[in-house]
Amino acid sequence: MAKPLSILLVEDDFFEILRFNNTVSVLNINCHIKEAYNGAEALKILESSNELPHLILLDINMPVLNGKELLKILKSNILYKNIPTVMFTTSQKTNDLKECYNLGINGYMLKPSNYDEYLSKISSTLNFFSEVEFLNT
């Protein structure tokens, strides 16, 4: 059996975290999810972990340390800069998109309100990164 995909979900909305976890369960994707409610918590998780996640899903608008601020820190740190990072946000601002790509994200996924579309986006994103990790092991 393949090693589970390790995901760090950085999201301040409790209901969004529940929806994500439920979706992963429905899709029966082999993964392990760690949750952080802001960028500062995500850094603590990364610093205290023995293994780095295979993927970081990152919201933009969060308290304490927002997604773009965290992304700057991650991409400037030799230990974290190669972790694939996907912005997972409701922000449709062109400036946010451009800034995040300039900072080095691997993807930008808008959170759809329609559950079928949400299911499809999560499935394709996690399956893609599962395949990438499988090829790298």
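## Exercises on a predicted chain

In this predicted model, confidence is lowest in helix α5 (residues 115-136), at a mean of 75, and highest in helix α2 (residues 39-48), at 96. For the chain, the mean pLDDT is 87. Of its residues, 94% reach 70 or more.

### Exercise 1. The overall fold

Task: State how many helices and strands the chain has, and give their pattern along the sequence.

Solution. 
- Step 1. Count the elements: there are five helices and five strands.
- Step 2. Read along the sequence. The pattern is β-α-β-α-β-α-β-α-β-α.

### Exercise 2. Size and packing

Task: Compare the radius of gyration of the chain with that of a compact globule.

Solution. 
- Step 1. Take the length, 137 residues. A compact globule of that length would have a radius of gyration near 14 Å.
- Step 2. Take the chain's own value, 14 Å. It agrees with the globule.
- Step 3. The C-alpha trace spans about 35 × 35 × 25 Å along its principal axes.
- Step 4. Look at burial. Buried residues make up 45% of the 137 residues.
- Step 5. Residues 24 or more positions apart account for 67% of them.

### Exercise 3. Met-87

Task: Decide whether Met-87 is buried or exposed, and list what Met-87 touches.

Solution. 
- Step 1. Check its relative accessible area. The value is 0%, so Met-87 is buried.
- Step 2. Leave out residues up to four places away in sequence. Met-87 then touches Leu-58, Asp-59, Ile-60, Gly-67, Lys-68, Leu-71, Cys-100, Ile-105, Gly-107, Tyr-108 and Met-109.
- Step 3. The C-alpha atoms of Met-87 and Ser-25 are separated by 21 Å. Along the chain, these two residues are 62 apart.

### Exercise 4. A nonpolar surface patch

Task: Name the residues of the nonpolar surface patch, then examine Phe-15.

Solution. 
- Step 1. Phe-14, Phe-15, Leu-18 and Tyr-37 make the patch, which covers about 430 Å².
- Step 2. Phe-15 belongs to helix α1 (residues 14-27).
- Step 3. Its relative accessible area is 65%, so Phe-15 is exposed.
- Step 4. The chain exposes about 7,600 Å², and carbon and sulfur atoms supply 52% of it.

### Exercise 5. Salt bridges

Task: Give the number of salt bridges in the whole structure, then work through the pairs Glu-16 and Arg-19, Glu-99 and Lys-72, and Lys-121 and Glu-117.

Solution. 
- Step 1. The whole structure has seven salt bridges.
- Step 2. Glu-16 and Arg-19 meet at 3.5 Å, N to O. Both lie in helix α1, three residues apart, about one turn of the helix. Glu-16 is buried because its relative accessibility is 10%. Arg-19 is partly exposed, at 22%.
- Step 3. Glu-99 pairs with Lys-72, with the closest N and O atoms 4.0 Å apart. Glu-99 is in helix α4 (residues 94-103) and Lys-72 in helix α3 (residues 67-75), so the pair ties together parts 27 residues apart in sequence. Glu-99 is partly exposed at 28%, and Lys-72 is partly exposed at 44%.
- Step 4. Lys-121 and Glu-117 have their closest N and O atoms 3.9 Å apart. Both lie in helix α5, four residues apart, about one turn of the helix. Lys-121 is partly exposed at 25%, as is Glu-117 at 41%.
- Step 5. Trace shared partners. Salt bridges join Lys-68, Lys-72, Asp-96 and Glu-99 into one network.

Terms used: Residues numbered from 1 in each chain as written. Predicted model: local features only at pLDDT ≥ 70, side-chain atom pairs only at ≥ 80, totals over all residues. Heavy atoms only, no water. Patch = residues over 30% accessible without salt bridge, like charges linked within 9 Å, V, L, I, M, F, W, Y side chains within 5 Å. Areas by Shrake-Rupley, 256 points an atom, 1.4 Å probe, with all protein chains shown as cover. Salt bridge = Lys/Arg side-chain N within 4 Å of Asp/Glu carboxyl O. Helix = DSSP H or I, 4+ residues; strand = E, 2+ residues; numbered from the N terminus. Buried < 20%, exposed > 50% of the residue type's maximum accessible area, 1.4 Å probe, protein only. pLDDT = per-residue confidence, 0-100. Contact = heavy atoms within 4.5 Å. Rg over C-alpha atoms; globule rule 2.2 N^0.38 Å.
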